[in-house]
Amino acid sequence: MKRRHALLAGSSCIGTLLSGCLGGTSESSTGTPSQTPSSTESDTQTRTVAETPVYDCDEVNRPPEPASDDDPPGEDERYTYPQRPESLTDESTLLSYVKEYERAYRLNDLYTEYGDNLDHGIIFIYETWTYEAPEGAAIARLKCPYSHGYTRGDRQVEADSPTIYASYYIDDAVVLRASTSGYQEDESKLVPDPIEWGLPMECF
C-alpha cells in the first residue's frame, strides 16, 4: 500500500488512533471536532425500551472495500471489515469490534469518494458507550470525528469533520449502523438509536 502520509499516530488516539478515527445523514467534511478529550471513556447506559429492530437485508449498503488492484493509502487491514465476534457479552471485545468496523466504514467511504486522490484518513475515537440490548444482541456508540487529506488538481486539501456519533446494533443476524453529527448536550444518550434509525451494514 502506498504511504503518502504517515497515518499511525501511536496508541493514544483511540483516544488516539484506531488508525485511521474515521456516512450517515448529516456528516459533512467541513468543520472541526468540537472537543478533544484526552482519554476514551466507556459507560453502560440503560435503555428505556429494548425492542427488536426491523430491517431488510436486501437494503444492506456499506462502503465497499477496495478492489485487489486498488492502492489506497495506509495498510490493507485498515480497510477490512472485522469478523463478528463469537460472543458479544464481553464489553472490551464488543468495543474493539465496533471501533474496527467504524474505521473500515469511514476509510472505505473516503476512498470511494476520492479514489486515488485520497492521501490519508484518520479516525479519532474519543468516547465509547454501551447500552442495554435485547437478549443475544449488543448496542454500542462511538464519538468518532475524522480528518482526511486529498489532492485536488495541483492543491493538497486538508479537511476535518464535525463531531460524529455512530451507533451500532449487533446480533447473530445483522449489523445496524446509525450516525449523526454536531453538538449534543448529553452525550451519554443513545442518539441516534440504531434500533430505530439503523441501516443494515451486513447480514449473517
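Over the ring of which residue does the charged end of Arg62 sit? The residue is Tyr81, with the charged end of Arg62 3.8 Å from the ring centre. The legends below start with the whole protein.

**Figure 1. Overview of the predicted model.** This is a predicted model, in which local features need pLDDT of at least 70 and side-chain atom pairs count only at pLDDT 80 or more, while totals for chains, interfaces and linings use all residues. Residues are numbered from 1 along each chain as its sequence is written, and side-chain values use heavy atoms, with hydrogens and water left out. The protein has 2 helices and 9 strands, where helices (H or I, at least four residues) and strands (E, at least two) are DSSP runs numbered from the N terminus. Their order along the sequence is β-α-β-β-β-β-β-β-β-α-β. Of the 204 residues, 50% count as buried; buried means under 20% relative accessible area, exposed over 50% and partly exposed in between (1.4 Å probe, protein chains only).

**Figure 2. The largest nonpolar core has 30 residues.** A nonpolar core is a set of buried Ala, Val, Leu, Ile, Met, Phe, Trp, Tyr and Cys residues joined through side-chain atoms within 4.5 Å. Those touching the most other members include Leu94, Val98, Tyr101 and Tyr168. Helix α1 (91–114) and strands β2 (118–123), β4 (138–143), β5 (146–152) and β7 (164–170) each supply at least two residues of this core. The largest share, 11 residues, comes from α1. A second, separate core of 10 residues includes Ile139, Tyr165, Leu176 and Leu190.

**Figure 3. Surroundings of Tyr101 and Arg62.** Beyond its neighbours within four places in sequence, Tyr101 is in contact (heavy atoms within 4.5 Å) with Arg62, Tyr81, Pro82, Tyr168, Val175, Met201 and Glu202. Tyr101 is buried at 1% relative accessibility. Tyr81, Tyr97, Tyr101 and Tyr168 form one aromatic cluster. A charge sits over a ring if NZ of Lys or CZ of Arg is within 6 Å of the ring centre and within 35 degrees of the ring normal, as Arg62 does over Tyr81. Arg62 also forms a salt bridge with Glu202, the closest N and O atoms being 3.2 Å apart. Arg62 lies in the loop between β1 (42–45) and α1 and Glu202 in strand β9 (residues 199–203), so this pair ties together parts 140 residues apart in sequence.

Figure 4. A salt bridge is a side-chain nitrogen of Lys or Arg within 4 Å of a carboxyl oxygen of Asp or Glu; the whole structure has 4. Arg177 pairs with Glu102, with the closest N and O atoms 2.9 Å apart. Arg177 lies in strand β8 (residues 174–181) and Glu102 in helix α1, so the bridge ties together parts 75 residues apart in sequence. Arg177 is buried at 4% relative accessibility, and Glu102 is buried at 0%. Arg106 and Asp109 meet in another salt bridge (3.3 Å, N to O).

**Figure 5. Surroundings of Trp129.** Trp129 and Tyr165 form a tilted aromatic pair, 6.5 Å centre to centre with 40° between the planes. Arg141 lies over the face of Trp129, at 4.6 Å from the ring centre.

Notes:
Phe/Tyr/Trp six-rings, centres within 6.5 Å; stacked < 30°, edge-to-face > 60°.
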